[in-house]
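Visitor: Could you take me closely through the salt bridges of this model, and say where their partners sit and how far they are covered?

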Amino acid sequence: MTTASSQEPAPRPGKGPRLRAALEGIPSYVPGRPAGEGPVTYKLSSNENPYPPLPGVLQTAISAADSLNRYPDLSCSALVAELAERFAVPVSHVATGTGSVGVAQQLVQATAGPGDEVIYAWRSFEAYPIITQISGATSVRVPLTAAEEHDLPAMADAVTDRTRLIFVCTPNNPTGTVTRRAELERFLDRVPQDVLVVIDEAYREFVRDPQAPDGIALYRERPNVCVLRTFSKAYGLAGLRVGFAVAHEPVAEALRKTAVPFGVSQIAQNAAIASLRAESALLERVAELVAERQRVSAALAAQGWSVPASQANFVWFRLGEDTMAFAAACEAAGVTVRPFAGEGVRATVGEPAANDILLRTAEAFLAERSDAGAGARTR
């Protein structure tokens, strides 16, 4: 008599399911470290807004939670309509996703695959190489200038017949620098019309440079320009994951095709709408953060630091081999920052008390480094 167990096929030798070779060597996205243990600790590592949700937004989110047993609106129709009215664009030109990084990944999926190239500055947003490699495309990294800005002429020179998409991050994460409208327009004039240029404006609300471009204005004039924005930073909805793109209809339609169904929760959709309607409170908070950014930047300059002029809600320290030591000193003092080993540290502009700790730590670190250098020269 044959038992059921004896009829089961013997397992085949092997190492498990075959996964795509393109996944090998993909760098992991490194999130900002949470605040450490201690009497006073602050997280300055993720460019989060230190303020709670805008007035009325939390109540809206709580109300939306009553329908957690239901799927969200697949097309985010109410939010898309609100955004279309806010930016005076057609509804069909707006697409949403799970944060601007989610929309960025959809754009790469829609444009680039094996044999194609994606161009971006480096260092820039650390998700770019990840989402490019996931699609099977090839990253083309163009070094920043000595001023920590996009080298747009060099990026234009890097375009080949394999280029499918170019990311321009302005303000640039993690250096905080912006491109200027005139130079960006010259760059766009050089890019072939069949190459999509994505202007990533996650920190747009913090920009005060009058020469900085407005991606939406550029999109109106150029069918190959797509603009990314998010509710994670200035609007303070990082935990809800909702971003959007404004692009001409073929690109926006491609984004809808590549979107994860029901990816943006109803809570996120309703909270984003409420945030858009609380613009006066938003502007007040952003103005306060910009004032803090200016205070921090001026204090660092007075200490002797050479930091780029940031137009975002963070500052950048180019530290090279001292990067991890500075990050450790900050954590010991009570703030966590975002180190990029061997390159530098990005520190969010947060609460004034947190910024004061950062400034004290930066001053002591610079003095210690100067003393060490002087000692080395006298030996």
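Guide: The side chains of arginine 318 and glutamate 148 meet in a salt bridge, with 2.8 Å from N to O; the term stands for a side-chain nitrogen of Lys or Arg within 4 Å of a carboxyl oxygen of Asp or Glu. This is a predicted model, in which local features need pLDDT of at least 70 and side-chain atom pairs count only at pLDDT 80 or more, while totals for chains, interfaces and linings use all residues. Residues are numbered from 1 along each chain as its sequence is written, and side-chain values use heavy atoms, with hydrogens and water left out.

The pair of arginine 318 and glutamate 148 links distant parts of the chain, 170 residues apart, since arginine 318 belongs to strand S9 (residues 314-318) and glutamate 148 to the loop between strand S4 (138-143) and helix H5 (152-157). Helices (H or I, at least four residues) and strands (E, at least two) are DSSP runs, numbered from the N terminus. Arginine 318 counts as partly exposed because its relative accessibility is 41%, whereas glutamate 148 is buried, with a relative accessible area of 8%; buried means under 20% relative accessible area, exposed over 50%, and partly exposed in between, with a 1.4 Å probe and protein chains only.

Turning to another pair, glutamate 149 forms a salt bridge with arginine 180, where the closest N and O atoms are 3.7 Å apart. Here too distant parts of the chain are linked, glutamate 149 lying in the loop between S4 and H5 and arginine 180 in the loop between strand S5 (163-169) and helix H6 (181-190), 31 residues apart. Glutamate 149, at 24% relative accessibility, counts as partly exposed, and arginine 180, at 25%, likewise counts as partly exposed.

A further salt bridge joins the side chains of arginine 229 and glutamate 201, at 2.8 Å from N to O. Arginine 229 lies in strand S7 and glutamate 201 in the loop between strand S6 (196-200) and H7, so this pair ties together parts that are 28 residues apart in sequence. Both arginine 229 and glutamate 201 are buried. Salt bridges that share partners also join Glu149, Arg180 and Asp209 into one network, and the structure as a whole holds 20 salt bridges.

Leaving aside residues up to four places away in sequence, arginine 222 touches Glu185, Leu188, Asp189 and His248, contact meaning heavy atoms within 4.5 Å.
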